[in-house]
Amino acid sequence: MNKKILLTIIFLLVSCGSSIAYGDYVNTTGMSRKQIESIKNHPKTQIGIASYYGKKFHKKRTANGEIFNMYKVSAAHKSYPLGTKVRVTNLENGKSLKLVINDRGPFVSGRIIDLSYKAARKLGFVNQGTVKVRIDVLRLGDNKYYKWKRFAV
């Protein structure tokens with residue numbers, strides 16, 4: 001009788017654990033199934049309004065943990081995974097630029113991407129402030145964050 005109770009308890013404990021079929025899948029790069037699916041479901045091309053950001057955020061930490069430098073080419077996007085490489089084309093003058101998404105934004109309604117000051121200068125719209133652009137995804141990022149130490153040694 002004790003063996004039956006013991007086997008029943010062991011069976012219940014084992015069946016309550018996660019299984020390979022229903023557990024939280026993690027691939028070799030450490031990404032869960034949910035992260036992989038969210039990366040695959042993004043549009044490959046977007047057209048909309050771009051703006052740029054600079055002095056107010058210069059030397060502050062971006063969403064992926066890097067320090068923002070307005071004099072380097074980078075961008076913020078609301079939903080593309082961090083690390084996504086895109087080509088941004090100014091639809092008014094035809095200039096284009098490849099860059100990596102390293103931050104979140106823009107937080108102004110109606111805009112699809114925020115570029116660094118240098119990226120805006122290269123695309124030729126610093127004086128305008130905003131411009132209509134096309135974003136083409138070249139390679140989806142892995143949405144990884146850089147770990148950083150609060151106090152440098």
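Are Tyr53 and Phe68 buried or exposed? Both are buried: Tyr53 is, and so is Phe68. Keep in mind as you look around that this is a predicted model.

**View 1. Two rings, Tyr53 and Phe68, form a stacked pair.** The ring centres of Tyr53 and Phe68 sit 4.6 Å apart, with 5° between the planes. Tyr53 belongs to strand β1 (residues 45-53), while Phe68 is in the loop between β1 and β2, so this pair ties together parts that are 15 residues apart in sequence. The structure holds five aromatic pairs, and this is one of them.

**View 2. Tyr71 and Tyr117 make an edge-to-face pair.** Here the planes stand at 80° and the ring centres are 6.3 Å apart, so the pair counts as edge-to-face. Tyr71 comes from the loop between β1 and β2 and Tyr117 from helix α3, so parts 46 residues apart in sequence get tied together. How accessible are these two? Tyr71 has 46% relative accessibility and counts as partly exposed; Tyr117, at 23%, is partly exposed too. Ring pairs also link Tyr71 and Tyr117 with Tyr52 and Phe125 into a cluster.

**View 3. Six strands close into a barrel.** Follow them around in the order β1-β5-β2-β4-β3-β6, and you'll find that the pairing is mixed. From one strand to the next, the twist averages 45°. As background, strands of a sheet pair through backbone hydrogen bonds, and they can do so either parallel or antiparallel.

**View 4. Strand β4 pairs with β2 and with β3.** Strands β2 (residues 75-77) and β4 (residues 96-103) run parallel and are joined by two bridges. Look for Ala75, which stands opposite Ile101 in β4. With β3 (residues 85-90), β4 pairs in the antiparallel sense, over five bridges. Thr89 has Ser96 in β4 as its bridge partner. The hairpin of β3 and β4 has five residues between the strands, and in this hairpin Gly94 takes a positive phi near 80°.

**View 5. The largest nonpolar core has 20 residues.** Which of them touch the most other members? They are Val88, Leu99, Ile113, Leu115 and Val133. Two or more residues each come from β3, β4, β5 (111-116), α3 (117-123) and β6 (130-139). The biggest giver is β6, with four residues. Zoom in on Leu115 and, beyond its neighbours within four places in sequence, you'll see contacts that include Tyr52, Tyr53, Val88, Leu99 and Phe125. In soluble globular proteins, nonpolar side chains tend to be buried together.

**View 6. Asn102 is a buried residue in strand β4.** Its relative accessible area is 6%, so it falls under the 20% cut-off for buried. The side chains of Asn102 and Glu66 are joined by a polar contact of 3.0 Å. Leaving aside neighbours within four places in sequence, Asn102 is also in contact with Thr62, Ala63 and Leu82, among others.

**View 7. Thr84 sits in the loop between β2 and β3.** With 0% relative accessibility, Thr84 counts as buried. A polar atom of its side chain lies 2.9 Å from the backbone nitrogen of Gly141. Beyond neighbours within four places in sequence, the contacts of Thr84 include Leu99, Val100, Val137 and Arg139. To get back to the previous view, go from Thr84 to Asn102: they are 18 residues apart along the chain, and their C-alpha atoms are separated by 8.0 Å.

Notes: Residues numbered from 1 in each chain as written. Predicted model: local features only at pLDDT ≥ 70, side-chain atom pairs only at ≥ 80, totals over all residues. Heavy atoms only, no water. Pairing = 2+ DSSP bridges. Core = buried A, V, L, I, M, F, W, Y, C linked by side-chain atoms within 4.5 Å. Buried < 20%, exposed > 50% of the residue type's maximum accessible area, 1.4 Å probe, protein only. Contact = heavy atoms within 4.5 Å. Polar contact = N/O pair within 3.5 Å; in protein donor to acceptor, adjacent residues only side chain to side chain. Axes fitted to C-alpha atoms, helices over the stretch in contact; angles between N-to-C directions. Phe/Tyr/Trp six-rings, centres within 6.5 Å; stacked < 30°, edge-to-face > 60°.
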